[in-house]
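The sequence and structure come first.

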Amino acid sequence: MGTTLCVANPKGGVGKTTTSVNLADGLAKSGKRTLLVDLDPHCSATQALGLVPPDRHPFMLLEAAGDFATPSKSDFFAFCPSSSSYREMDLLAQCSEDVLGVLSAQFESCAERFDYVILDCPSSLGALQQAVLA
């Protein structure tokens, strides 16, 4: 069973994305199977890795944890980009049982496949961050 770390702070510009990306990279370089999940609608971690945000968030597409992108040459580092669609991120943020069930199932799947799951959260105490922390 893997460890999930949530990098969260309601204030912007405090280094959440920098911490998330570098922590994930360091863990992967030490041989730990690591998944970085960008949950920020600004797609900061996605852009930091030089990737273009997709229209749909992989969690909403119910993609398997093993299907996430590998943005580096490391076999230990996988990445789940954020969606460039605010509507998509709003759907993730809704605290309905359906959405929480999807998130819970995705995180459980990730915890089984990875040693570490690093969650880069948005700068707010809104519904998305509350759902992720729950």
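## Strand pairing and confidence

In this predicted model, strand β2 (residues 34-38) pairs with β4 in the parallel sense over 5 bridges. Within this pairing, T34 stands opposite Y116 in β4. Strand β4 also runs parallel to strand β1 (residues 3-7), joined to β1 by 5 bridges. Here C6 is the residue opposite L119 in β4.

The table lists the two pairings.

| Strand | Partner | Sense | Bridges | Residues standing opposite |
|---|---|---|---|---|
| β1 (residues 3-7) | β4 | parallel | 5 bridges | C6 and L119 |
| β2 (residues 34-38) | β4 | parallel | 5 bridges | T34 and Y116 |

Strand β4 itself covers residues 116-120. Because 4 of its 5 residues are buried, strand β4 is largely enclosed by the rest of the structure.

Next, the cysteines. The structure holds 0 disulfides. C43 has 3% relative accessibility and therefore counts as buried, the cut-off being under 20%. C80 has 0% relative accessibility, so C80 counts as buried too.

Last, the confidence of the prediction. The chain has an average pLDDT of 78, and 66% of the residues score at least 70. Which helix has the highest confidence in the chain, and which the lowest? Helix α1 (residues 16-29) is highest, at a mean of 94, while helix α3 (residues 86-93) is lowest, at 64. Where pLDDT is low, the predicted coordinates should not be read in detail.

Methods: Residues are numbered from 1 along each chain as its sequence is written. This is a predicted model: local features need pLDDT of at least 70, side-chain atom pairs count only at pLDDT 80 or more; totals for chains, interfaces and linings use all residues. Side-chain values use heavy atoms; hydrogens and water are left out. pLDDT is the predictor's confidence in each residue, from 0 to 100. Helices (H or I, at least four residues) and strands (E, at least two) are DSSP runs, numbered from the N terminus. Buried means under 20% relative accessible area, exposed over 50%, partly exposed in between (1.4 Å probe, protein chains only). Two strands pair if DSSP finds at least two bridges between them. A disulfide is a pair of cysteine sulfur atoms within 2.5 Å.
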